[in-house]
Amino acid sequence: MNFNVILLNAAPAVEQLSNWDKFVEALLLMAIGMLTVFVVLLIIIFLGNLLIKTVNRFFPEEAKPVVQKVQAIDANVQEAIKKAIVAISGGKQSAQNIEKL
Amino acid sequence: MGEILNKIYEMTAIGSIVADPRFLIMYALAFVLLYLGIKKEFEPLLLVPIAFGVLIANFPGGGMGVLGADGEGLVHYIKDGVEVSKNVYEMSLPEIAHDLGIMNLIYYALIKSGLLPPIIFMGVGALTDFGPMLRNLKLAIFGAGAQFGIFAVLLVASQFFTLQEAGSLAIIGGADGPTAIFTTLKLAPHLLAPIAIAAYSYMALVPVIIPLVVKLTCSKKELMINMKEQDKLYPSKTEFKNMRALKIIFPIAVTTIVAIIVPDAVSLVGMLMFGNLIKEIGANTSRLFETASNGIMNAATIFLGLSVGATMTVDAFLNFQTLGIVAGGFLAFGFSIFGGILLVKVMNLFSKKKINPLVGATGLSAVPMASRVANDIALKYDPKNHVLNYCMSSNVAGVIGSAVAAGILISFLG
């Protein structure tokens with residue numbers, strides 16, 4: 001789509017335009033501009049949904065069994081963390097229970 | 001003795017600064033920008049090079065200021081005590097470097113040629129994750145609403161500037177530095193200095209401007225809308241079986257669609273999506289990704305920042321036109337944020353699933369700072385309300401939206 005042709009035919013030399021002409025052209029540009037931005041993003045949203053469906057259908061990832069294994073923290077490490085917290089806070093704070101998230 | 005002192009006085013920049021104290025205003029401006037970048041941490045990666053560029057450009061005799069070409073491409077300078085006027089586009093690069101200095105070489109070879117903005121877009125693409133946008137696709141529409149400021153200011157500015165100049169000024173509302181530079185180069189290259197500096201300064205001031213507009217336009221109740229709770233109340237039916245494949249296909253598809261609808265936006269959107277594609281492919285293109293997101297991006301940012309700053313010489317900056325651009329740019333920024341918020345408010349009227357207006361406010365680009373700022377605002381009202389992921393959707397869409405808006409302005413006015 002060549003926008004230049006549309007506008008330049010209607011408006012010859014921009015410098016010669018009166019303030020009112022410029023206002024009208026800016027208003028036209030506002031309408032076309034906002035519309036185009038909305039249309040492009042709506043298309044992108046539509047395209048995104050289409051891609052999600054297509055990918056889900058044709059390239060579904062093999063579901064890997066997720067094994068959640070919470071490893072216990074070594075007793076020595078727990079002791080070291082507790083001592084470090086006491087040392088850094090100057091004895092004001094202490095840790096009761098240390099778990100891996 | 002007096003003669004020696006006089007020679008020393010002439011050798012230093014002091015004499016010229018005393019003769020034209022406007023230089024002091026430029027130093028003050030540079031120091032304020034440096035303060036904002038260093039101490040306030042407002043986009044330091046951009047603001048520090050720009051501010052330092054402003055500083056070094058304004059020492060008389062230093063030769064680090066960029067000489068702007070007039071409408072006919074002529075630059076006027078003094079060589080061996082004689083005033084010379086030459087068409088800068090007919091000068092060879094070594095001649096520019098020799099006669100005008102290295103800053104002009106960087107400026108004319110990398111910025112004025114239009115090379116750096118798309119290169120930076122490639123880096124931005126490589127650092128962007130479209131995941132949050134794909135997970136909340138509907139929110140991407142606010143990336144369009146927040147382009148309102150561009151066209152609103154175009155309307156106002158058209159009464160004071162030519163349409164080309166007004167378009168360049170208005171694109172500041174896209175909150176995207178490279179886009180603003182790219183558009184200005186195409187439409188009104190003589191305004192590059194004030195527009196680039198206004199665009200980048202306002203981008204750096206996002207932590208101040210967004211809260212200001214939000215405070216003026218949103219109620220506490222609206223800002224407390226918890227998006228996660230809304231998701232639980234009205235869950236999305238979309239499931240993602242293969243996010244990786246989706247993220248790889250998405251940039252290719254978007255580039256194709258945008259290229260067909262707005263060809264003038266391709267140099268920006270195309271490079272953005274290329275950068276994103278080499279990120280998403282993963283290990284096979286990791287070397288390209290690392291170079292695009294680190295080496296090239298960082299080098300481009302340094303050159304862009306310093307030379308854009310160096311365009312802010314006394315004569316180019318201290319005039320009424322610049323003041324108009326600074327004021328207009330602020331309006332464009334404010335209206336863009338308001339446009340996004342307004343669209344959310346309108347949609348909330350018709351939808352059961354409510355949206356936090358902050359998601360609309362981040363529809364202007366400035367990724368990811370706008371989203372971070374919006375998230376901080378939401379957390380102030382409700383410490384459990386994390387809106388970052390939702391804001392990133394409209395924020396990333398805003399990058400595409402502003403590039404499309406730029407493409408439209410260039411198509412019509414270029």
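This is a short tour of a predicted model, with stops inside chain B and then at its boundary with chain A.

**Stop 1: the two domains of chain B**

Where they meet, domain 1 of chain B contributes 24 residues and domain 2 contributes 23 residues. About 1900 Å² is buried between the two domains, and carbon and sulfur atoms account for 78% of that area.

Together they provide 27% of the area that domain 1 of chain B buries against domain 2 of chain B, more than any other three residues.

**Stop 2: a salt bridge between the domains**

Which side chains meet in a salt bridge with an N to O distance of 3.0 Å? Select B:Arg22 and B:Asp315, whose side chains form this pair. Across the interface of the two domains of chain B, one salt bridge is found. The same interface has four residue pairs in polar contact, counting pairs with both residues at pLDDT 80 or more.

Now select helix H3 (22–38) and helix H4 (44–57) of chain B; each supplies at least two residues to the side of domain 1 that touches domain 2. H4(B) gives the most to that side, with nine residues. By class, this side of domain 1 of chain B holds 17 nonpolar, three polar and four charged residues.

**Stop 3: a residue inside domain 2**

Select B:Asn276, which lies in helix H18 (residues 266–281) of chain B. Is B:Asn276 buried or exposed? B:Asn276 counts as buried because its relative accessible area is 1%, and the cut-off for buried is under 20%. Beyond its neighbours within four places in sequence, the contacts of B:Asn276 include B:Gly125, B:Phe130 and B:Lys247.

**Stop 4: chain B against chain A**

Show both chains. Here 49 residues of chain B are in contact with 36 residues of chain A. The two chains bury about 4000 Å² between them, with 80% of it on carbon and sulfur atoms. Zero salt bridges are found across this interface, while six residue pairs are in polar contact, again with both residues at pLDDT 80 or more.

To see the chain B side, select among its helices H17 (243–261) and H24 (388–413), each of which supplies at least two residues. H24(B) has the largest share, eleven residues. The side of chain B that touches chain A divides into 34 nonpolar, twelve polar and three charged residues.

Note on methods: Residues are numbered from 1 along each chain as its sequence is written. Chains are lettered from A and ligands numbered from 1 in the order in which they are written. This is a predicted model: local features need pLDDT of at least 70, side-chain atom pairs count only at pLDDT 80 or more; totals for chains, interfaces and linings use all residues. Side-chain values use heavy atoms; hydrogens and water are left out. Helices (H or I, at least four residues) and strands (E, at least two) are DSSP runs, numbered from the N terminus. Buried means under 20% relative accessible area, exposed over 50%, partly exposed in between (1.4 Å probe, protein chains only). Contact means heavy atoms within 4.5 Å. Buried area is the accessible area (1.4 Å probe) that two parts lose on being put together, summed over both. A salt bridge is a side-chain nitrogen of Lys or Arg within 4 Å of a carboxyl oxygen of Asp or Glu. A polar contact is a pair of N or O atoms within 3.5 Å; within protein, one must be able to donate a hydrogen and the other to accept it, and residues adjacent in sequence count only if both atoms are side-chain atoms. Ala, Val, Leu, Ile, Met, Phe, Trp, Tyr, Cys and Pro count as nonpolar, Asp, Glu, Lys and Arg as charged, and the others, Gly among them, as polar.
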